[in-house]
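Please have the coordinates open while reading.

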Amino acid sequence: MKKSSLFFLFFCFAINSICFSQDAENDSIDALLEQCKSDTQRVNLQIQIALNLLNTDLKGSSEYAQRANQLAEKISYRKGEAYSYYAIAESFYVQGDFEKSKLFYNKSLVIYTELNDDKGIAETKNHLGALLHKQGNNNDALTLCIDALKLFEKIKYKSGIASAYINVGLIYDNLQNYDKAIEFYNKAIVYAKEVDDLNTQASANNNLGGIYTDTKKYDLAIEHLTLSMQLKEKIGNKVGVGSSLNNLGAVYYEMKELDKALEFFKKALEIKTELGDKNGIFSSTNNIGSVYLEKKDYQNALSYFKTSHELALKLGSKYNILYSLENLSNVYKAFGDYKTALGFQEQYASFKDTIYNAENSKNIAEVQAQFETEKKQQENEILSLKLKNESFLKYLFIALTGLFLFAAFYIFKNLRQKQKINKSLEEKNRIIEEQKLIVEEQNRGITDSIKYAKRLQEAILPPLDFVKSHLNDFFIFYKPKDIVAGDFYWVETKNDWVYVAAADCTGHGVPGAMVSVVCCNALNRALLEYKEVEPGKILDKTRELVLETFSRSDKDVKDGMDISLCAINKKTNEVKWAGANNALWIVENNSVKEIASNKQAIGKVDNPVSFTTHSLQLEKDTWIYLTTDGFADQFGGEKGKKFKYKPLKELLLTNSNLTPEEQKEKLQITFTQWQRDLEQVDDVCIVGVRL
């Protein structure tokens with residue numbers, strides 16, 4: 001049996017520490033902030049706090065970075081805005097949310113470029129390069145890191161030079177060019193020692209440990225990894241300690257000491273889970289699965305590999321996906337499920353070709369060669385300048401005389417050249433304008449198509465006149481994230497019963513809308529064609545129809561929906577309800593009662609069970625609320641946090657004495673005020689009905 005791919009954690013953090021200990025209490029931090037004599041100082045201190053907390057408290061780090069950014073914008077402190085964007089990007093990077101991290105790094109880079117701040121530009125490019133490397137984009141990653149290295153050398157910032165050397169080494173490391181990688185890591189250690197940068201020394205030693213593990217030099221690997229962990233413990237880097245535990249586990253795994261490896265991996269997972277470090281959680285779950293696979297405990301191996309694969313897809317890292325695909329192929333092969341194993345192996349081969357193709361390596365070599373050539377040229381120029389210094393005055397007179405003689409000729413030639421350039425620019429501008437018009441036309445066509453899809457999707461939503469004819473008091477707060485949505489509401493009738501649902505399909509935008517059409521159609525068929533009347537039975541049949549639809553594809557489609565479904569008897573006030581992951585909230589006697597749902601989606605799930613129908617006899621004027629997760633999951637407020645379910649319940653309770661229209665308006669106002677200038681993260685659907 002082929003041994004599974006083990007994931008070794010590589011790091012390069014160049015974070016400045018500040019003048020208080022890592023375990024400082026909040027009141028001590030607040031006291032420091034109060035001592036600041038200006039808002040500018042307060043912004044800078046909050047950013048330093050945010051960066052310092054990256055290794056111990058990711059949530060706190062994000063909060064201080066957001067607060068710094070808001071204050072910097074308020075006082076128009078542009079450098080503070082750039083630095084706070086950088087800190088926010090760092091927080092998302094450590095959490096493994098690479099797309100958001102990339103967004104904020106780029107915001108930081110724009111401002112630093114505007115300010116001509118070489119150090120800020122270099123640090124942002126260096127970390128953005130590390131991020132692109134994580135995502136498998138080695139060409140752009142190396143270009144950014146070498147750009148950063150040039151700027152660091154220009155301003156003689158040794159910590160930055162060391163950090164950039166590590167990032168360049170990482171790229172060669174992943175391409176298995178170990179000699180080059182070791183060269184850059186050792187250069188990083190030299191520069192880091194000169195400025196007593198323990199964090200960068202720890203990172204370089206960690207990565208050397210990874211190479212010596214891969215090359216089976218286990219004594220050297222343990223030596224470097226142990227040194228790395230000691231340095232991280234000295235500076236209180238909890239993130240790094242977890243990574244060292246993981247990496248030491250990897251060494252013992254390679255040495256076939258599986259029980260010891262498992263012990264280290266599980267300790268690492270505890271720390272990574274506590275910190276919310278998604279990238280670290282991926283590596284630990286992947287590695288634990290590898291140990292179980294080696295121990296022939298295939299069930300546990302599969303469980304951990306599935307978890308790591310789901311995390312890899314969320315992180316969007318090509319390397320992570322590559323490792324997880326290979327491991328899934330191996331474990332299914334061990335189970336004897338060769339068809340599934342082959343499917344994962346084919347995906348693995350495709351990803352590997354993308355990352356490791358020859359052209360990719362060639363481009364990287366060209367960038368590196370260009371850097372080395374430029375560096376050599378600079379050294380030669382300096383030497384040449386020294387040698388010629390003695391004859392400088394002699395040749396200066398000759399040069400000035402020659403310059404005067406050729407001045408008239410040069411001016412004439414320059415004027416002719418400018419005329420040609422202006423003509424060329426006019427032609428280029430004309431072409432650019434034509435291309436712009438083409439792109440605008442294409443975008444208009446795409447947008448028109450999506451708007452037409454919106455009209456088609458709206459056709460599956462019940463008309464408000466139909467809803468009003470069957471429900472006396474109700475409101476529907478429906479706010480798609482994009483033009484089309486994955487959320488939808490559903491109202492249908494049968495005999496004396498009115499059926500009402502709020503549903504959340506996988507995804508949003510066009511993909512979510514396509515799934516919503518499938519799921520809505522299945523609901524209609526379950527009630528009207530198959531004549532199921534109990535909400536639980538309706539959901540059972542809906543799941544069966546959705547799976548039947550997706551089974552026609554040759555792909556493993558795992559899309560589906562969460563839903564809250566009510567059946568209301570208007571004559572007796574009897575309510576029957578069933579839910580898939582979404583609960584029912586009932587407001588009566590000035591309190592909120594929650595009916596829990598089955599914790600499974602409508603779609604492909606492991607160990608499915610029949611949905612439970614809850615029967616309730618409610619009093620007149622009782623409000624019932626059906627909701628998807630979009631409102632509760634929206635980021636916003638002063639600290640950029642999620643709204644969450646408890647405040648949403650309290651909001652609905654407080655507003656339950658208002659008219660349906662007023663309740664809907666209150667929800668809209670609250671959502672807008674909470675969201676501020678942040679992006680809407682998901683579709684929102686809340687349905688309220690008064691009996």
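Buried means under 20% relative accessible area, exposed over 50%, and partly exposed in between, with a 1.4 Å probe and protein chains only. Strands (E, at least two residues) and helices (H or I, at least four) are DSSP runs numbered from the N terminus. This is a predicted model, in which local features need pLDDT of at least 70, side-chain atom pairs count only at pLDDT 80 or more, and totals for chains, interfaces and linings use all residues. Residues are numbered from 1 along each chain as its sequence is written, and side-chain values use heavy atoms, leaving out hydrogens and water.

**Strands**

- Strand S6 (residues 584–588) is mostly covered, with 4 of its 5 residues buried.
- S6 runs antiparallel to strand S7 (residues 591–595), joined by 5 bridges; two strands pair if DSSP finds at least two bridges between them.
- The S6 and S7 hairpin has 2 residues between the strands, and Asn 589 takes a positive phi near 55 degrees there.
- S6 also pairs with strand S9 (residues 623–627), in the antiparallel sense over 4 bridges.
- Leu 584 has Ile 595 as its bridge partner in S7 and stands opposite Leu 626 in S9.

**Helix pair**

- Helix H14 (residues 278–294) and helix H15 (residues 298–315) have axes that come within 8 Å and cross at roughly 155 degrees. Axes are lines fitted to C-alpha atoms, for helices over the stretch in contact, and angles run from 0 to 180 degrees between N-to-C directions.
- That crossing angle makes H14 roughly antiparallel to H15 (over 145 degrees).

Definitions and conventions:
Parallel < 35°, antiparallel > 145°, perpendicular 65-115°, else oblique.
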